[in-house]
Every structure is written in C-alpha cells, then in structure tokens.
Amino acid sequence: MQVVAKTPRIDVRVEGKGVKAFLAIIKKSIPGVQIIDDDEAQDIDDWEYYKEMKSRITPAKVLKIRRENAGLTQAELAERCGIAASNIALMETGKRGIGIKSARKLADGLGCNVGDFVL
C-alpha cells in the first residue's frame, strides 16, 4: 500500500494482524491522506498536486531546506563550502543563482547531490 499525505508517496508494507487498526490510526492522524492498495498503485508524476508542488521547489528553497536539515547556520555552511555567507544568503533567497561550481561546493558541504541545486 502507499500512504500519501501532501508529499511524495511513502511506501509502507503492513501484513498480519492489526492492519485495519493501523489504517484507522493513519486516517485519523493525517486528514486527507490517500491510501492506495497495491492493486491500485498510481504514478505520482501524474498527480496534479505533485506537479504543482514540484514546480514550486527551486534550487534556492532546496538549499535552505538542506542547510536547515543539516543543522547549520549560513555562516557554518559558508565555512564548510568556501562560499561567502552573504552569497549563501543571496542564493537562499533566489537573488543569486547557483552555478555549477557553487552547486558542487554546496553538495560537498551538505553531503547531497549536485543535481539538487541545478535545474
């Protein structure tokens, strides 16, 4: 089954006793959740909601999210990457583009994929 809650799908496999109770808890905890049986599996790329959300994600937003998830300040990331903190601030607000050279440094500093910062 897939559990979808306003984000890309989360695959969850549940077997045995308690499946109905588990699904009831999920439905109660996450309003609007969509549960898809394996027989009804769909491609998330076809969902209008996913297309809209994907279009809103910019390299600038990815940078800020990655930095915050790593628990780093802009200054700490700057030190790791060798990029001025002021430039990181401009990149995060979208006022400065993220070139391939900077993307490589950011990816190394954050331990992620260069493609996260390049369209």
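Visitor: How do you know what confidence the chain carries, and where is the pLDDT below 50?

Guide: The term pLDDT denotes the predictor's confidence in each residue, from 0 to 100. The chain averages 83, and 85% of the residues score at least 70. Over residues 1-5 the pLDDT is below 50, although this stretch has 29 contacts in the model beyond near neighbours in sequence. A contact requires heavy atoms within 4.5 Å. Where pLDDT is low, the predicted coordinates should not be read in detail.

Visitor: What makes up the chain in terms of helices and strands?

Guide: There are six helices and three strands, arranged from the N terminus as β-β-α-β-α-α-α-α-α. These elements are DSSP runs numbered from the N terminus: helices are H or I with at least four residues, and strands are E with at least two.

Visitor: Why is Ser-102 called buried?

Guide: Buried means under 20% relative accessible area, exposed means over 50%, and partly exposed lies in between (1.4 Å probe, protein chains only). Ser-102 has 17% relative accessibility and therefore counts as buried. This residue lies in helix 6 and, not counting residues up to four places away in sequence, touches Ile-83 and Met-91. Across the chain of 119 residues, 29% count as buried.

Visitor: How do you know that the buried residues of helix 6 lie on the same side?

Guide: In helix 6 (residues 100-110), the buried residues are Ser-102, Ala-103, Leu-106, Ala-107, Gly-109 and Leu-110. They cover an arc of only 165° around the axis, which puts them on the same side of helix 6. The arc is that of the directions from the helix axis to the C-beta atoms. The face turned away from that buried side carries exposed Lys-101 and Asp-108. Cover for the buried residues of helix 6 includes helix 3 (59-69), helix 4 (74-81) and helix 5 (85-93).

Visitor: What makes the buried residues of helix 4 line one face?

Guide: The residues concerned are Leu-77, Ala-78 and Cys-81. Seen down the axis of helix 4, they fall within an arc of 105°, so they line one face. The buried residues of helix 4 pack against helix 3, helix 5 and helix 6.

Visitor: What makes a set of residues a nonpolar core?

Guide: The set must consist of buried Ala, Val, Leu, Ile, Met, Phe, Trp, Tyr and Cys residues joined through side-chain atoms within 4.5 Å. The largest such core here has 16 residues, and those with the most contacts inside it are Leu-63, Leu-77, Ile-98, Leu-106, Leu-110 and Phe-117. Helix 3, helix 4, helix 5 and helix 6 each supply at least two residues of this core; the largest share, four residues, comes from helix 6. Leaving aside neighbours within four places in sequence, the contacts of Ile-98 include Pro-59, Leu-63, Met-91 and Phe-117.

Visitor: Why is the pair of Glu-92 and Arg-67 called a salt bridge?

Guide: The term requires a side-chain nitrogen of Lys or Arg within 4 Å of a carboxyl oxygen of Asp or Glu. For Glu-92 and Arg-67 the closest N and O atoms are 2.4 Å apart, and the pair forms a salt bridge. Glu-92 lies in helix 5 and Arg-67 in helix 3, so the pair ties together parts that are 25 residues apart in sequence. Glu-92, at 10% relative accessibility, counts as buried, and Arg-67 is buried at 8%.

Visitor: How many salt bridges does the structure hold?

Guide: The structure holds four. One of them joins the side chains of Asp-116 and Arg-66 (2.6 Å, N to O). Asp-116 lies in the segment after helix 6 and Arg-66 in helix 3, so this pair ties together parts that are 50 residues apart in sequence. Asp-116 is partly exposed at 23% relative accessible area, and Arg-66 is partly exposed at 37%.

Key
Residues are numbered from 1 along each chain as its sequence is written. This is a predicted model: local features need pLDDT of at least 70, side-chain atom pairs count only at pLDDT 80 or more; totals for chains, interfaces and linings use all residues. Side-chain values use heavy atoms; hydrogens and water are left out.
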